[in-house]
Amino acid sequence: MIQPSPASLSTTAAPFSNKPTTMATSLLLSTTAAHLANPKFTPLSLPPRRRLRVVAFTSPLPRRSLLSPPLNIAQIRGRFRAGSTIGETEEEEDEEVIVGEDSAAFELGEQKLSSWIYFTVVLGVVLFVLDVVWIDEGTGVGKGFVEVIARVSGSPEVAMLSLTLIFALVHSGLASLRDVGEKLIGERVFRVIFAAVSLPLALSTVVYFINHRYDGIQLWQLQSVPGLHQLVWFSSFVSFIFLYPSTFNLLEVAAVEKPKMHLWETGIMRITRHPQGDAVPQMVGQVIWCLAHTLWIGSSVAVAASIGLIGHHLFGVWNGDRRLAIRYGEAFERVKSRTSIIPFAAIFDGRQQLPKDYYREFLRVPYLTIIALTLGTYFAHPIMQASSYKLHW
């Protein structure tokens, strides 16, 4: 093997001896010239530490529109692939890069006391208006609304199903109009209208269910079966772990912060893309809750409520995916390709690789808060029922 002569090296590099970068360039040029003169010449190899990495696009960046949220760095990095290094022939495998958002992320240092004070004020105003306009028997119209639905329906089963469907049509309809509505009137105003219409309808449906859950035909009575209470309790508890991550963003829910349509990918989303609807695709948790409560109650009214709620959330699976595909395009397709609607399906068929420290994605303040609220709600059932009975809906 012919090596470059010391003379050639010194002649080439001497004028630039005080410039290491230029010297390296001169070395490469001299070795190239030697290679052209002798085909058997082997070029000078770079040290292993200095191997160059070839980077290429794996997919084009999605088209952006005025309604599209800004790309984060993870979305951009996700479209690069590390290729082979100089001296290597095998390509490296692509590492999974998260293109969606981190679910249930909560940084105490990023919270503003003024925002939470504002949230408390907004919540108080909303509850006051809800009481005056809808709940109070003297000034509210909620009781009259429920009475009209019950009278037209003719049976508690039909009334229960009708209330559920009315809520579903309004809730899903407004959710489908979100992109257009936010463009016309802004994110915060649209969220206020969405909540102002959905909240009274949801309250009426829940109160009617509590007050009439044992009406109609008693189809089965299994409450004395040993272990059934524990099964229903555990199932209901688990159903709240399947809450859609957007539910945790209370400041966005109350429009204190600008509401966003998020593309989540970690946490519960690794198990199912639709953990608990449409405005928030959270089908699985709702199905678990419905089946557990219907098994415990065993009445025709409970069956009607479950049919309505499960049907609404199954529609929400399709509508939720449709809306996310419109908003996020290719980024959503990447998330969709490695998640599943059926819980654990993507994990079992190898499309979803759980990280070794996956449990850490649940050891966060929002999930700990949900656990506390779920336990509190269970023990508060008598209070909830007593409050519902007082409304006589």
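User: Where is Lys143?
Analyst: Lys143 sits in helix H5, residues 142–153. Helices here are DSSP runs of H or I with at least four residues, strands are E runs of at least two, and both are numbered from the N terminus. This is a predicted model, where local features need pLDDT of at least 70, side-chain atom pairs count only at pLDDT 80 or more, and totals for chains, interfaces and linings use all residues. Residues are numbered from 1 along each chain as its sequence is written, and side-chain values use heavy atoms, with hydrogens and water left out.

User: What is Lys143 in contact with?
Analyst: Setting aside neighbours within four places in sequence, Lys143 is in contact with Trp134, Glu137, Leu391, His392 and Trp393. Contact means heavy atoms within 4.5 Å. Also, Lys143 and Ser204 are 61 residues apart in sequence but 8.4 Å apart in space, C-alpha to C-alpha.

User: New topic: which residues of H7 are buried?
Analyst: In helix H7 (residues 178–185), those are Arg178, Asp179, Gly181 and Glu182. Looking down the axis of H7, the buried residues fall within an arc of 165°, so they line one face of the helix. That arc is taken from the directions from the helix axis to the C-beta atoms. Val180, Lys183 and Leu184 are exposed on the other side of H7.

User: And what covers the buried residues of H7?
Analyst: The cover includes helix H6 (156–176), helix H8 (187–212) and H12. After H7 comes Gly186, with a positive phi near 95°.

User: How do H12 and H13 cross?
Analyst: The axes of H12 (residues 300–328) and H13 (residues 330–337) come within 6 Å and cross at roughly 135°. That makes H12 oblique to H13. The axes are lines fitted to C-alpha atoms, for helices over the stretch in contact, with angles from 0 to 180 degrees between N-to-C directions. Under 35 degrees counts as roughly parallel, over 145 as roughly antiparallel, 65 to 115 as roughly perpendicular, and the rest as oblique.

User: Which residues of H12 and H13 meet?
Analyst: Asp321, Leu324, Ala325 and Tyr328 of H12 meet Glu330, Ala331, Phe332 and Glu333 of H13.

User: Asp321, then: buried or exposed?
Analyst: Asp321 is buried, with a relative accessible area of 10%. Not counting residues up to four places away in sequence, Asp321 touches Arg273, His274, Gly316, Phe332 and Ile341.

User: What about the largest nonpolar core?
Analyst: There are 25 residues in the largest nonpolar core, and Phe248, Leu263, Ile268, Leu324, Tyr328, Phe362 and Tyr367 touch the most other members. A nonpolar core is a set of buried Ala, Val, Leu, Ile, Met, Phe, Trp, Tyr and Cys residues joined through side-chain atoms within 4.5 Å.

User: Last one: which residue has a positive phi although it is not a glycine?
Analyst: Ala104 has a positive phi of about 60°, and Ala255 has one of about 65°. Most residues other than glycine have a negative phi. Ala104 is in the loop between strand E2 (80–85) and helix H4 (113–135), and counts as buried at 4% relative accessibility. Ala255 is buried too, with a relative accessible area of 11%.

Conventions. Buried means under 20% relative accessible area, exposed over 50%, partly exposed in between (1.4 Å probe, protein chains only).
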